[in-house]
Amino acid sequence: MSIFNEVSNKQIIGEVRDIIRYEDGRVIDTGWSRNSILMKVNTLIACLLKGETGIEGIQYWSIGSGEETWDLPSIFEKAELVINAGASANGTVTITLDGQGKVVNVNLGDDAETVAGKIRSTGFAGWNTSGTGNKVIFTATTDGNKVDALYNAGATGAVGNMTTIVQGVKGIPRPEPQESDLGCVNEFYRKKIKPEDITFVDDAGIETQTPTNRLQISVTFSAEEAVGNWREFSIVGGNATEVLGTGYPINYKTHGLIEKTDTMTVERKIRFTFR
């Protein structure tokens, strides 16, 4: 994500990459992905250009735990229908899913498995059917809690039991960072970024001593550092100190849960491109 100046069409682009190394030798490289540049960087740039007292550039890498709800998966509701008897008369049975009823024709002499098969072969909007024998499984195609499923054999005699076997849950997606955000929601650790951690890189991403329009920050969190659940991060500068929550957040990214333990290290790189 980038911030644009409407007059000069200037922008800042942020990219990040993690290399996670485990004690057992496993290595996970996430590759490069974008992260959001925050509006607060404009104030920081103005302060640096003015030479404002007490204001510095890049200072700390902030790690946050975010919210546990960001990990909640979507769960699709399931209901099971067991047909206990065959049809003793022609007629219809009614299946009600999430409050919407649908009838299925059955005939005198249909055994329990035949009735279940007719139901399985019927289309139900918002649901998939499966199962074998005298059982029918209904699986919702959307997540979230549904009205309990019902079965009515009417006058057919093809009685059965309907049970909700998996309760649906509406997943809560990780929030997409906004330019107005103020960094980590739940910061719990920050690591000082040293001058030698910041280098210039060329268009190919190769470090260079010659000043360019691209900065790269490389920091390694050792085994004993920042142990906990990682779901977000931010680079902070300005008047930042070791005190959590201080400073001007430059960027922000939310990501999938990383359970940082004392048996792994995380090498984190970020690039800022000024165009």
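A: Happy to. Let us start with a term: Ala, Val, Leu, Ile, Met, Phe, Trp, Tyr, Cys and Pro count as nonpolar, Asp, Glu, Lys and Arg as charged, and the others, Gly among them, as polar. By that scheme, the lining of the largest pocket divides into 12 nonpolar residues, one polar and no charged. This is a predicted model, in which local features need pLDDT of at least 70 and side-chain atom pairs count only at pLDDT 80 or more, while totals for chains, interfaces and linings use all residues. Residues are numbered from 1 along each chain as its sequence is written, and side-chain values use heavy atoms, with hydrogens and water left out.

A pocket here is an open set of points on a 1 Å grid over the protein atoms alone, where a 1.4 Å probe fits, with protein on both sides within 12 Å along at least five of seven lines; lining residues have an atom within 4 Å of a point. Its volume is the space filled by probe spheres set on the points, which are joined across faces, edges and corners. For the largest pocket that volume is about 250 Å³. Of its 13 lining residues, Val41, Leu44, Ile45, Leu48 and Phe274 lie nearest the centre.

Helices (H or I, at least four residues) and strands (E, at least two) are DSSP runs, numbered from the N terminus. Helix 1 gives the most to the lining, with five residues; helix 1, strand 5 and strand 20 each supply at least two.

Now to helix 1 itself. Its buried residues (under 20% relative accessible area, against over 50% for exposed and in between for partly exposed, with a 1.4 Å probe and protein chains only) are Val41, Leu44 and Cys47. They line one face of the helix, because they fall within an arc of 120° seen down its axis, the arc being that of the directions from the helix axis to the C-beta atoms. The face turned away from this buried side carries the exposed Leu49 and Lys50. Gly51 follows helix 1 and has a positive phi, near 80°.
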